[in-house]
Amino acid sequence: MLPDFYSRFLKQLSCVIILMILNEVWVINMILDNLTLSFGVQDIFRNINLSIPKNECIGIVGVNGAGKTTLFKIITGELKLSDRKIILEKNTRVGLLPQVIDEKTLDSDILILDYLLSGRPISILQRKLDKAYDDVSIEKNESKQKSILNKISYLQQMLEYYEVYNAENILLKIIVGMGIEDDLLMQPLKTLSGGQKSKVAFAKLLYSKPEIILLDEPTNHLDKESKDYVII
Ligand SMILES: Nc1ncnc2c1ncn2[C@@H]1O[C@H](COP(=O)(O)OP(=O)(O)OP(=O)(O)O)[C@@H](O)[C@H]1O
Ligand SMILES: [Mg+2]
């Protein structure tokens with residue numbers, strides 16, 4: 001968390017701060033800006049201000065019904081507010097492990113390994129990059145060529161972000177660390193039990209490398225091995 005004087009300063013200058021975040025000057029990933037929400041007559045949040053710096057790990061504690069899941073729904077955009085009360089740094093990816101995993105969405109024929117690999121869009125990016133190289137090699141128009149070159153540069157940056165040359169090793173470490181057995185990997189996702197599905201969904205979330213990971217009561221889903229891995 002930021003020191004108190006910092007939060008007060010940010011509150012007073014919220015317009016300027018948005019600009020600074022967009023310019024990536026401040027190392028802040030998320031700001032809650034005077035967040036207020038009611039369901040009918042029930043106040044859930046009243047004037048919440050919070051600045052969360054990068055690389056910070058924060059626990060939110062509240063009794064049942066306090067609003068923890070609702071806060072996450074606001075952050076992911078599932079629950080829309082009339083004003084923009086959550087300010088995220090540009091291009092910030094938010095990943096969520098929901099409190100209740102909808103098992104039906106994981107009732108798929110996809111192989112577990114393919115499901116995990118789909119956490120990073122590496123093959124899609126590589127296909128787009130190949131196409132862009134083909135396009136630029138035949139494009140005669142200079143301004144169109146420039147725009148394709150910009151696209152190539154963006155796709156290369158994305159592949160770098162997803163650590164294209166090391167991604168499989170990273171995934172393997174997550175698989176081993178979370179205790180997902182090898183012989184499960186070539187099975188269809190739908191054959192897993194509820195607990196195994198949760199574990200695999202969590203592994204995919206970790207692999208997908210979002211800047212912000214929201215875990216809504218994750219210990220509900222995880223066995224000791226996975227908890228130890230995540231906590232370390
Ligand atoms: N869409 C909605 N419409 C009306 N009330 C809602 C809605 N969503 C949540 N609530 C109410 O808002 C309050 C906060 O709910 P929320 O699920 O965010 O709490 P929580 O802190 O996650 O609780 P728990 O620890 O049980 O998961 C509860 O009283 C809930 O009934
Ligand atoms: Mg909840």
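1. P210 sits in the loop between helix 8 and strand 5 (212-215). Helices (H or I, at least four residues) and strands (E, at least two) are DSSP runs, numbered from the N terminus. P210 counts as partly exposed because it has 14 C-beta neighbours inside 10 Å. A residue is buried if 20 or more other C-beta atoms lie within 10 Å of its own, exposed if 12 or fewer, and partly exposed in between, with C-beta atoms placed from the backbone.

2. The model is predicted: local features need pLDDT of at least 70 and side-chain atom pairs count only at pLDDT 80 or more, while totals for chains, interfaces and linings use all residues. Residues are numbered from 1 along each chain as its sequence is written, and chains are lettered from A and ligands numbered from 1 in the order in which they are written.

3. What does P210 contact away from its own stretch of sequence? Leaving aside neighbours within four places in sequence, P210 is in contact with R93, V94 and G95; contact requires C-beta atoms, placed from the backbone, within 7 Å.

4. On the overall layout, the protein has nine helices and five strands. Their order along the sequence is α-α-β-β-α-β-β-α-α-α-α-α-β-α. The protein has 232 residues, of which 16% count as buried. Among contacts between residues at least 6 apart in sequence, 67% join residues at least 24 apart.

5. The largest nonpolar core has 17 residues, and L116, I174, V200, F202 and A203 have the most contacts inside it. Such a core is a set of buried Ala, Val, Leu, Ile, Met, Phe, Trp, Tyr and Cys residues joined through C-beta atoms within 7 Å. At least two residues of this core come from each of helix 4 (112-117), helix 7 (167-177) and helix 8 (194-207). Helix 8 gives the most, with six residues. Not counting residues up to four places away in sequence, V200 touches I112, Y115, L116, I180 and L192.

6. The axes of helix 7 and helix 8 come within 10 Å and cross at roughly 145°. Axes are lines fitted to C-alpha atoms, for helices over the stretch in contact, and angles run from 0 to 180 degrees between N-to-C directions. I170, L171, I174 and I175 of helix 7 make the contact with A203, L206 and Y207 of helix 8. By class, this contact has seven nonpolar residues, no polar and no charged ones. Ala, Val, Leu, Ile, Met, Phe, Trp, Tyr, Cys and Pro count as nonpolar, Asp, Glu, Lys and Arg as charged, and the others, Gly among them, as polar.

7. N47, in strand 2 (residues 42-53), has a positive phi near 50° without being a glycine. N47 counts as exposed because it has 8 C-beta neighbours inside 10 Å. E163, also not a glycine, has a positive phi of about 50° and lies in the loop between helix 6 (142-161) and helix 7. E163 counts as partly exposed because it has 14 C-beta neighbours inside 10 Å.

Definitions and conventions: Two residues are in contact if their C-beta atoms, placed from the backbone, lie within 7 Å.
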